[in-house]
Amino acid sequence: MIKEKYVRPAILADALELAPKMKAEDRAEILASNNASPLKALVEPFTYEKGKIYSIIGTKDEGVIGMFGCCPSQLPEYGVVWLLSSNDLYKHTRQFLKECPRWVDEMSQGFEYIYNFVDSRNWKTLKWLQFLGFEPKEKIEKYGHGKLPFLLMMKELNKQKNVWCSYSIKSRNSDIFSSK
C-alpha cells in the first residue's frame, strides 16, 4: 500500500519532481523577486545548515505537490518562511488548511518572528498568510529583480511578550531580511 496525502522531510529529488509542475503564480513571484528558476528556488533552501524543508505528497499519481520550509536569516530571531506548489495542492485545500497551523508551528521553532516578501498580485497567498496570523508590515513598491510591488508579511510567534521592534526597510539595508 502506498501512503498518500501527507507531509514529510524533503529530499533533493522532490525539488526535481516539483520544479516542472510549479504553478504559474509561484513561478511569477520567484522570477520577480530574485530572478530564480523553479528548480533553483526549490534547491536553495537545502544549502542552509539549519533550514527546515518539507514536502507535501498528494495522491500516488500526483506525487510531490508542494514544498515549504523555514530558513534562518541574518538576524537569529527571524526565520524566512516559504511555500512553492503545483496546482494539484488546490485539490487538497481542506486538509491543507487544517494542517497548516501545525506545520507553521513546527518549522518556526527557534524564531521569534517569521516572514517573507510576497508579490502583491498573489492575493491567494496573501489571504492564506493572514488566515495563519501573518500581518502585512510594509509595502515595497519596487521590490527585487522585477521592481514590482511586494508586501512584507510577518508573524510574531511569542505574542505574550507584546513587543514589536519597529523596523523600516526604507531606512535600513533590506538585505538584513534576505535568507542568506
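In this tour, contact means heavy atoms within 4.5 Å. The model is predicted: local features need pLDDT of at least 70, side-chain atom pairs count only at pLDDT 80 or more, and totals for chains, interfaces and linings use all residues. Residues are numbered from 1 along each chain as its sequence is written, and side-chain values use heavy atoms, with hydrogens and water left out.

Select D14 to begin. D14 belongs to helix α1; helices (H or I, at least four residues) and strands (E, at least two) are DSSP runs, numbered from the N terminus. Leaving aside residues up to four places away in sequence, D14 touches R8, P9, S55, V64 and M67. D14 is buried, at a relative accessible area of 2% (buried means under 20%, exposed over 50%, partly exposed in between, with a 1.4 Å probe and protein chains only).

Next, select A13, also placed in helix α1, residues 12-18. A13 is partly exposed, with a relative accessible area of 44%.

Move on to P9, which stands opposite Y54 in β2. Strands β1 and β2 (residues 52-57) pair in the antiparallel sense over four bridges; two strands pair if DSSP finds at least two bridges between them.

Now display the whole sheet. Its seven strands form an open sheet in the order β1-β2-β3-β4-β5-β7-β6, with mixed pairing. The edge strands, β1 (6-9) and β6 (135-143), each pair on one side only.
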